[in-house]
Amino acid sequence: MSAAPQPLAPNRRHRPRNIHPHIANSRQGTQFHQLSVVSTPVERLSSSRPLPLWWHALIWLQRTSWLGCSLLAIAAFIVYAQTVYTQQLWGREYRKLAALQRQERQLTSTNALLKNHLATLSNTKDAGLVAPKPGNAIFLPAVPQRQLVPPPAHPTTAEPITSVPLGY
């Protein structure tokens, strides 16, 4: 028997699928053949036709879609953060407005109470308040009016105007 591989017979091109080579050799006899591996470079088969343009576009879209998804996620996070921040700011300012309105109501009621208190005090004789009379009025003398002094006119002996500023 020669060591060179022999072509298979035309009717026996393939061995049965369920028989492993070592099992097949062991069934044929006790003699085992050792397989030798020859290292040959693997060649890439060229495709018979190029991929269509839409296929390349889909591949490019798949590779770059992460950018769009990332931008959308960032935009959603920014909108969410702005919404939360705006609600917190609005709540804080609303509480300030409510406090100011409460203070305004308290000041209005305090002012009304003081007016009422002064009115009741003025009706009593022990308060020491006197009704206004022309004899009790104080008159201040009028201030004499001053004459308006016009600003000085421009001097007639003016120096020629220079276009260069005099100092910096």
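Start by selecting Leu 58: it is partly exposed, with a relative accessible area of 45% (buried means under 20%, exposed over 50%, partly exposed in between, using a 1.4 Å probe and protein chains only). You're looking at a predicted model, where local features need pLDDT of at least 70, side-chain atom pairs count only at pLDDT 80 or more, and totals for chains, interfaces and linings use all residues. Residues are numbered from 1 along each chain as its sequence is written, and side-chain values use heavy atoms, leaving out hydrogens and water.

Leu 58 sits in helix 2, so select residues 53-123 to see that helix (helices are DSSP runs of H or I, at least four residues, numbered from the N terminus). From first C-alpha to last, its 71 residues reach 101 Å. Now click Thr 64, where helix 2 bends by about 40 degrees (the angle between axes fitted to the seven residues ending there and the seven starting there).

Next, the aromatic pairs: the structure holds 2. Rings of Phe, Tyr and Trp (its six-membered ring) pair if their centres lie within 6.5 Å; planes under 30 degrees apart count as stacked, over 60 as edge-to-face and the rest as tilted.

Pick Trp 54 and Trp 55, an edge-to-face pair at 5.5 Å centre to centre with 80 degrees between the planes. Trp 54 is exposed at 52%, while Trp 55 is partly exposed at 38%.

Then jump to Trp 90 and Tyr 94, a stacked pair: 5.2 Å centre to centre, 10 degrees between the planes. Both lie in helix 2, 4 residues apart, about one turn of the helix. Trp 90 is exposed at 58%, and Tyr 94 is partly exposed at 48%.

Notes. Helices (H or I, at least four residues) and strands (E, at least two) are DSSP runs, numbered from the N terminus. The expected span of a helix is 1.5 Å times one less than its number of residues.
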